[in-house]
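Student: I would like to learn how to read a structure that is new to me. Could you take me through it slowly, one feature at a time?

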Amino acid sequence: MDLVLATNFDDQLPAEARDLPVKTYFGGFPYSLTGAGRPPHILPAITPERFREHLERIHESGRVFYATVNSTDLGLKEYQEGFRARFLQEVGRLLELGTDGFVVALPLLVEIIHREYPDVPISVSTFSRLRTVAQGEYFLRMGARTLVLEEANRDLRLIRGLVRAGAEVEILVNQTCIHDCPYRAHHLNTSSLVSQDGTPGIPFEVPILECGLQMLKDPTLLVSSIWVRPEDLSLYEAAGVHRFKVSGRNRSTPWLLRSARAYSQRRYDGNLLDILSYVQVKGPLQALGSLSPTALSDPEIASVRDAFERMQHVSIDNSAFPPDFLRRVLATDCAHLSCKECGYCGSVAQKVVRIDGRPLSEYRPPAPSLQAESLLRHLRPEASAAAVPPTVS
Ligand code: SF4
């Protein structure tokens with residue numbers, strides 16, 4: 001098994017992960033010319049020197065490092081004179097600092113990097129949202145070697161097709177994104193734009209608030225989300241998957257080690273959320289903290305805040321899943337079926353999910369009518385400023 005693990009730029013991470021099958025680390029600067037896959041306010045504020053030193057530690061441990069250049073939106077910079085030269089300058093700087101490969105989403109950036117550095121490996125990011133073999137083949141022809149999937153994690157026919165097309169396939173395993181998320185495009189563009197040099201900071205990501213509200217209304221989404229349990233990796237290996245990717249660039253070193261260890265051991269007996277991203281609560285609670293006192297006294301908003309606070313204490317008992325859980329999901333035509341009509345993930349959620357120590361059957365969702373839009377109207381303008389961490393150049 002090969003794991004690809006996020007780094008938080010703590011040197012203890014490569015030192016303590018030496019016994020794990022981590023072959024590659026990934027990460028990047030909070031800000032860059034193109035932007036990338038995470039908003040700067042959640043990432044470690046590293047300097048170029050720290051970046052170089054950390055990559056030296058990674059290389060000493062016999063592993064390699066890929067830099068994330070996985071923006072989905074260049075803010076029209078690609079039309080500006082000198083964009084290509086400035087981008088290549090940044091790529092060259094990342095290579096000079098010790099980068100071994102790149103994680104890229106936009107075809108234009110794949111082509112520029114590959115033309116200039118044909119031997120440097122490129123992984124196509126989950127941000128490219130691959131859903132068909134033909135999409136994967138375009139990227140392979142542009143020079144990419146690896147295709148990383150996330151949204152299509154439960155499409156084994158696609159995975160087999162990409163492997164047959166000659167791709168090395170990587171599966172991102174520990175994100176709690178809801179299945180078929182309607183906020184995803186907005187979310188990826190938000191991260192890409194806010195992490196570009198000179199962009200003013202944001203205090204939270206609107207799409208995560210929207211996603212969090214969906215989860216409050218229907219916590220069974222915790223089970224139908226796109227994560228993969230450590231126990232189920234062999235199904236993917238049988239389909240030809242080459243590597244498993246574990247995210248968490250904003251997480252502590254013990255957290256990253258715990259998650260990587262669980263996947264390397266193909267087993268975790270505790271709360272599944274201990275090893276999953278579970279991003280839907282922290283950001284929304286921060287957003288609600290930015291509301292004016294008048295807004296917070298509104299009973300509807302207060303009930304949402306209370307519900308998010310309870311959702312901080314969710315557990316998913318990983319030992320209580322039916323042994324054939326993933327096989328059963330994979331055998332279902334989820335894309336053409338209403339989850340209400342199917343009901344399988346909901347029935348499993350009743351067995352494995354507890355909220356604030358109580359079974360799901362006792363959970364009462366907050367006002368179903370509440371939407372992110374009505375919360376945004378109450379945001380205080382001063383809450384939208386954020387500090388600017390360092391950039392690559
Ligand atoms: S269709 Fe059924 S198996 Fe598929 S995600 Fe929905 S509830 Fe789960």
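This is a predicted model: local features need pLDDT of at least 70, side-chain atom pairs count only at pLDDT 80 or more; totals for chains, interfaces and linings use all residues.

Student: How many helices and strands does the protein have?

Tutor: Helices (H or I, at least four residues) and strands (E, at least two) are DSSP runs, numbered from the N terminus. Here the protein has 18 helices and eleven strands. Its radius of gyration is 21 Å, close to the 21 Å that the globule rule gives for 393 residues, so the protein is as compact as a globular protein of that length; the radius is taken over C-alpha atoms, and the rule is 2.2 Å times the number of residues to the power 0.38. Along the principal axes, the C-alpha atoms fill a box of roughly 60 × 50 × 40 Å.

Student: Which strands make up the closed barrel, and what is the sense of their pairing?

Tutor: Two strands pair if DSSP finds at least two bridges between them. The closed barrel has eight strands in the order E1-E2-E3-E4-E5-E6-E7-E8, with parallel pairing. From one strand to the next, the twist averages 25 degrees. Helix H11 (residues 253-265) packs on the sheet, where H11 touches E1, strand E2 (22-27) and E8, and its direction makes about 165 degrees with that of E1; such angles run from 0 to 180 degrees between N-to-C directions, with axes as lines fitted to C-alpha atoms, for helices over the stretch in contact.

Student: Which residues could I look at to follow the pairing with E8?

Tutor: Strand E1 (residues 3-6) and strand E8 (residues 243-246) pair in the parallel sense over three bridges, and Leu5 has Val246 in E8 as its bridge partner. Strand E7 (residues 168-172) also pairs with E8 in the parallel sense over three bridges, and there Glu170 stands opposite Arg243.

Student: What is the order of strands in the open sheet?

Tutor: Three strands form the open sheet in the order E9-E10-E11, and the pairing is antiparallel. Strand E9 (314-316) and strand E11 (358-359) are the edge strands, since each pairs on one side only. Between E9 and strand E10 (residues 353-355) there are three bridges, and Ser315 stands opposite Arg354 in E10.

Student: Is Ile58 buried or exposed?

Tutor: A residue is buried if 20 or more other C-beta atoms lie within 10 Å of its own, exposed if 12 or fewer, and partly exposed in between, with C-beta atoms placed from the backbone. Ile58 lies in helix H2 (residues 48-60), and Ile58 is buried because 25 other C-beta atoms lie within 10 Å. Leaving aside neighbours within four places in sequence, Ile58 is in contact (C-beta atoms, placed from the backbone, within 7 Å) with Pro14, Tyr25, Arg63 and Phe65.

Student: Which residues are around the ligand?

Tutor: A residue counts as near a molecule if its C-beta atom, placed from the backbone, lies within 6 Å of it. Around the ligand are His179, Ser224, Val329, Thr332, Cys334, Leu337, Cys339, Cys342, Tyr344 and Cys345. Helix H16 (339-342) and helix H17 (344-352) each supply at least two residues of this shell.

Definitions and conventions. Residues are numbered from 1 along each chain as its sequence is written. Two residues are in contact if their C-beta atoms, placed from the backbone, lie within 7 Å.
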